[in-house]
Amino acid sequence: MDYPSRMDQVDVLREKVERLRVEIAQIQELNNRYRLRDWNDTEAQVAHGQRQERLQAIQQELAQLAGLGSRVRSVEEMKERHRSRQHLVKKAS
C-alpha cells in the first residue's frame, strides 16, 4: 500500500487551515455588520446565531487538526529515528 508522504499530509493540513481562516474572516465581517446595525430583524439574529455555531465548529475542527498535526509529526520522527539507527548499523558493518 502506498501511503502519502509527510509533505502531502502537511500540505493538506495547511490548505484546510487556510480555508478555515478565510471562512473565519468572512464570519467576522458579517458579525461586524450585524453589530453596527441599529436594529436586527429575526432573520438577522438567526443568521448571527448560526455564524456563532459555525465558529464553535471551526474551533473544534482546529483542535482536531492540531491533534492530527502532532500525530503526523510523531510518526515522522519515529521513522527518522529508525532510519538513523539503520544508517548507524550499516556504517558500523
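Residues are numbered from 1 along each chain as its sequence is written. The model being predicted, local features require pLDDT of at least 70 and side-chain atom pairs pLDDT 80 or more, whereas totals for chains, interfaces and linings use all residues; side-chain values rest on heavy atoms, with hydrogens and water left out.

The protein chain contains 2 helices and 0 strands, assigned as DSSP runs numbered from the N terminus (helices: H or I, at least four residues; strands: E, at least two). Of its 93 residues, 17% are buried, where buried denotes under 20% relative accessible area, exposed over 50%, and partly exposed the range in between (1.4 Å probe, protein chains only). Among contacts (heavy atoms within 4.5 Å) with a separation of 6 or more, 66% join residues 24 or more positions apart.

The largest nonpolar core comprises 5 residues, L13, L20, I27, I58 and L65. Such a core is a set of buried Ala, Val, Leu, Ile, Met, Phe, Trp, Tyr and Cys residues joined through side-chain atoms within 4.5 Å. Helices α1 (6-36) and α2 (42-92) each supply at least two residues of this core, and the largest share, 3 residues, comes from α1. With residues up to four places away in sequence not counted, I27 touches R51, R54, L55 and I58. Elsewhere in α1 lies Q9, whose C-alpha atom is separated by 8.6 Å from that of G69, 60 residues apart along the chain.

The structure holds 6 salt bridges, each defined as a side-chain nitrogen of Lys or Arg within 4 Å of a carboxyl oxygen of Asp or Glu. In one of them, E23 pairs with R54, the closest N and O atoms being 2.6 Å apart. Because E23 lies in helix α1 and R54 in helix α2, this pair ties together parts that are 31 residues apart in sequence. E23 is partly exposed at 24% relative accessible area, as is R54 at 25%. R54 also meets E61 in a salt bridge (3.1 Å, N to O), and E61 is buried, at 18%. Salt bridges with shared partners join K16, E23, R54 and E61 into one network. Another salt bridge links E18 and R21 at 3.7 Å, N to O; these residues are 3 apart in helix α1 and therefore separated by about one helical turn.

In the loop between α1 and α2, N40 is buried, with a relative accessible area of 19%. Its neighbours within four places in sequence aside, N40 is in contact with Y34 and Q45.
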